[in-house]
Amino acid sequence: TQITAQKASRGEFSEIVRFRRCGLILATAVGIAGTAIIFIVAVPFADFIANTPEALPAILIIAPSVLFCSVTAVYRGYYEGLSDMAPTAVSQIIEAAVKAAAGIALAYISYNYFVHELGSEEKALPYAAAAAILGITLSEFCGMLYMLVYSRKHKAKSINTDKNDIYTGISKIASLSLPVAIGAVLGNLISFTDLLTISNCINLSYHLFPDQLAGGMVTLSGTAASGDPGNFLYGSYSGIIMSVYMLTATIPMLIPKCSQPKLICTIELNKNDNLTAVKHELSLILKGTMLIAAPISLFVAVMAEPVLKILYPVRELEATVGIIPLQILSTGGIFAAFAGAMMSIFQGYGDFRTPVKITLLTGLVKFILNVTLIMIPSVNISGAAMATTISQLFCVFYSSHVIKKKYGFRISMISEAFPMLVSGCISAITAFFLYNAMSLQLHPIIAVILSCGAGLILYILLLYIADGKELMGILKSIRGKKCREGL
């Protein structure tokens, strides 16, 4: 995306095609290597690391996805760099549909077949799990196939590329991709922090302060009934709370992704003389992100209890445990969205190392706070949510400091997002009271939908009253203009 947007801003369309070819060569090589590595380490990983030998079929089946995802990523980056988000959106819809349909169907068929053949439900489960994983692999293949067909239909002009051009292009792409890959790994390691700390810290707290563990969140008898309070609470956090949170947290991040090419073009055209234009473009990205993040985060925060009970009606205890952590996480989602949008400026300037450093420091803060807060008996599982929220707030302030130091921009969350935050709070509070009134007469699902719908209308109305012109400007900035002339 970075290279494509830069070249497009200069009208160097033949270079775009050349770099796409180099990217495909590199992605194919990396994808094949990654697939091969998974095949090689599958047995020792299943036996000694995961301690689950029956997971071997699933590990082997997921391996080709590395190749499919690598190739698909090149095509998506190519079209996103041209501000054409349609191919990415369609391919993701195809992947989701195939994943759901094929995964469920294959798991159901294989489970019944192996139960009949092996005579045991327990023996059939690993094969059913592998069949479900096959649905994921098929979905990635279908997404890649769509991108190949789309690219063939919108074929770029043919150019001649010698070996030196290929080597140079691959080297440049690799140098840019390495920090991004490291950042992705660090992002996964940060989520791994919860796995390392939550269960262990809660169990330790349980042994040190057994009478205080519940902290008003979940009864000690209900926690102890699981046989392992740490795993019970971690399972509730990772399986329920984070699932709902991530569903809402990913939506606002589509705005920086859609607006990134335009920011890169603005930087390329005004790199040396007009920082005002660059700051204005970044401001639109921040405001566009907060336009979506504020209502989603605040609405989920005030509706945490009915949302969890509606989504998980047969897991009442886990849903009860998750109410307060989800409220904290959802409120912190505002900081996470703003921090993610701020990273656009580093990517726009081609600085992929600074986000890695910021991510690493944020992860360190998260780890320290996790260990500290979870150990407090009255806080326990909510400590993980608090740690995430505080670490994201740290990320906002530290990123703002780095941006001011490197580029001369002064970014303030209050100045950029004040109307969205105020309107979001008023709308969320209104939705909360409407739900409480309507839930006495209507089904909870209908009450949630109607109250949130009314709150959303109020949110838009308040923003329009505050500054309708700016609201329309933000909405227009979200729409990307395709740049395909010359291809």
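**Exercise 1. Decide how α11 and α16 are oriented relative to each other.**

Step 1. Find the helices, which are DSSP runs (H or I, at least four residues) numbered from the N terminus. Helix α11 covers residues 275-302, and α16 covers 413-438. This is a predicted model, where local features need pLDDT of at least 70, side-chain atom pairs count only at pLDDT 80 or more, and totals for chains, interfaces and linings use all residues. Residues are numbered from 1 along each chain as its sequence is written, and side-chain values use heavy atoms, without hydrogens and water.

Step 2. Take the axes, lines fitted to C-alpha atoms over the stretch in contact, with angles from 0 to 180 degrees between N-to-C directions. The axes of α11 and α16 come within 8 Å and cross at roughly 25 degrees.

Step 3. Apply the cut-off: angles under 35 degrees count as roughly parallel. Therefore α11 and α16 are roughly parallel to each other.

**Exercise 2. Describe the largest cavity by its space and its lining.**

Step 1. A cavity is a set of points on a 1 Å grid over the protein atoms alone, where a 1.4 Å probe fits but cannot get out. A volume is the space filled by probe spheres set on the points. The largest cavity holds about 60 Å³.

Step 2. List the lining, meaning residues with an atom within 4 Å of a point. Among them are Leu291, Met420 and Asp467.

Step 3. Assign the elements. Helix α17 (444-478) gives the largest share, six residues.

Terms used: On a 1 Å grid over the protein atoms alone, a cavity is a set of points where a 1.4 Å probe fits but cannot get out, and a pocket is an open set with protein on both sides within 12 Å along at least five of seven lines; lining residues have an atom within 4 Å of a point. Helices (H or I, at least four residues) and strands (E, at least two) are DSSP runs, numbered from the N terminus. Angles under 35 degrees count as roughly parallel, over 145 as roughly antiparallel, 65 to 115 as roughly perpendicular and the rest as oblique.
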